[in-house]
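Hello,

Here is the structure I promised to pass on to you. Please open it alongside this note, and my findings follow below.

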Amino acid sequence: MTPRSFAELGLPPSVLNAAREAGFIEPTPIQVAAIPPGLAGRDVLALAETGSGKTAAFALPLLAMALEAPAAAGPRGLVLAPTRELAVQTAETLRGLAAALPRRLKIGLAFGGVSINPQLMALRGGCDLMVATPGRLLDLIDHNGLTLAHVRTLVLDEADRLLAAGFEAEWRRIEGLLPATRQTGLFSATFPAALQGLAEGLLRDPLRIALASAPPDIRQRCIQVDAAQRTPLLRHLLATEGWQRVIVFVATRYAAEHVSDKLWAHGIQAAALHGELSQGGRAEVLAALQSGRVRVLVATDVAARGLHIPALDAVVNHELPRSAADYTHRIGRTGRMGHAGTAVSFVCADSPTNAESHFRLIEKRQGQRVPREQVRGFEPRAVASEMQATGGIEGRRPSKKDKLRAAGLHPPNGSTA
Ligand code: AMP
């Protein structure tokens, strides 16, 4: 029988109480699957979406372990996260749960982009559990602020990203500083084949958890529109779809600010969220969205990972993400914990980065086809030859004028189709 209560998962009474205090009544499927092996010290490889309750799935066993472990000169548990947002959220979850425990546990937090000194100060006297982004963790170690020699349990959250090319050198260094004998948990929404060998090498006889269920309730839509009409179409959707909280994804900081300004100019409360915002600035923007002071966040991908925004109605891909994995992460911001969500992607025949062919690759990787739509009043004028090739628009071959437009050139005489 599948356990239906936290009490059946083997958590010690104080941690069980902490889960109850956090308002967790029934464990989510990932918690049912990952908590018992986590408590038993077993390695875990878990395919788990953000929103599935995965943070608590590793946080509760980590807290149980830290409560048992004798004090040491360094943390007994380490959680690595690829972004500061995710690190902050994870530390907050751990701290929230730890507040209800009988013994005070210190949860360290470190991420880059801010001065290292306060983080060094905060680590004086050690900590029980540490949450960090890889680069700043290494900086702290280089400043003698921290040792990894006592880590018993390591968790890689969004492991696909932590093990990907950009982080590999940092990860290799961290790995070399960790005890060889340890428990390791890898949690990720996606596991690209290219990383499987690397992941396997980190784990001893792991329990593999892939939940077929835990379906997020996301309705996917794909709307064909001309690139220049995307923001007007976005305004139209905001006016007609009844969405209260929305994240719009764009590719650059400039676009985030530009689109957000345009929405403001039309009386829609919007804010930009991107990597160049200060930590305080980001926190403010997120709080404004949570409280309803802001209705639309226009964000770059830095915001896509790890953010938990309760009751987010829709995600709009104003610009398509580069990879199918990013698409999964983006749309996973909505449709969480029983709140139905919508994910809308704009495809534009006249924008190479939003091309139909790119979206088709995303569909292929997802194994799911999303019907194409056009919205009345926003029908695309640009017709890409690739659409013709797949019958994207029936009964119409691209004219010379269409081809010129698709190539970004204006047709002669300023004539409009
Ligand atoms: P995560 O997948 O870790 O981002 O968690 C998503 C959200 O679910 C967080 O806001 C958690 O507080 C919440 N949550 C996690 N586990 C449970 C549970 N067992 N019952 C209710 N809410 C939960």
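Before the sheets, a word on terms: two strands count as paired if DSSP finds at least two bridges between them. Strands here are DSSP runs of E with at least two residues, numbered from the N terminus. Please keep in mind that this is a predicted model, in which local features need pLDDT of at least 70 and side-chain atom pairs count only at pLDDT 80 or more, while totals for chains, interfaces and linings use all residues. Residues are numbered from 1 along each chain as its sequence is written, and side-chain values use heavy atoms, with hydrogens and water left out.

With that in place, strand S5 (residues 153-157) pairs with strand S6 (residues 183-188) in the parallel sense, over 5 bridges. Within that pair, valine 155 stands opposite glycine 185 of S6. Both strands belong to an open sheet of 7 parallel-paired strands, ordered S3-S4-S2-S5-S6-S1-S7. Its edges are strand S3 (107-110) and strand S7 (207-210), each pairing on one side only.

A second open sheet, also of 7 strands with parallel pairing, runs S10-S11-S9-S12-S13-S8-S14. Strand S9 (residues 246-249) and strand S11 (residues 296-299) run parallel and are joined by 4 bridges; valine 246 has valine 296 in S11 as its bridge partner.

Now to the ligand. Its shell (residues with a heavy atom within 4 Å of it) holds 15 residues, and the closest are Glu26, Gln31, Gly51, Gly53 and Thr55. Domain 1 (6-210) and domain 2 (218-406) both contribute to this shell, so the ligand lies between them; the domain bounds come from an automatic or database assignment.

- Glutamate 26: a backbone N or O atom lies 2.8 Å from a ligand nitrogen.
- Lysine 54: a backbone N or O atom lies 3.3 Å from a ligand oxygen.
- Threonine 55: a side-chain N or O atom is 2.5 Å from a ligand oxygen.

How values were computed:
Polar contact = N/O pair within 3.5 Å; in protein donor to acceptor, adjacent residues only side chain to side chain.
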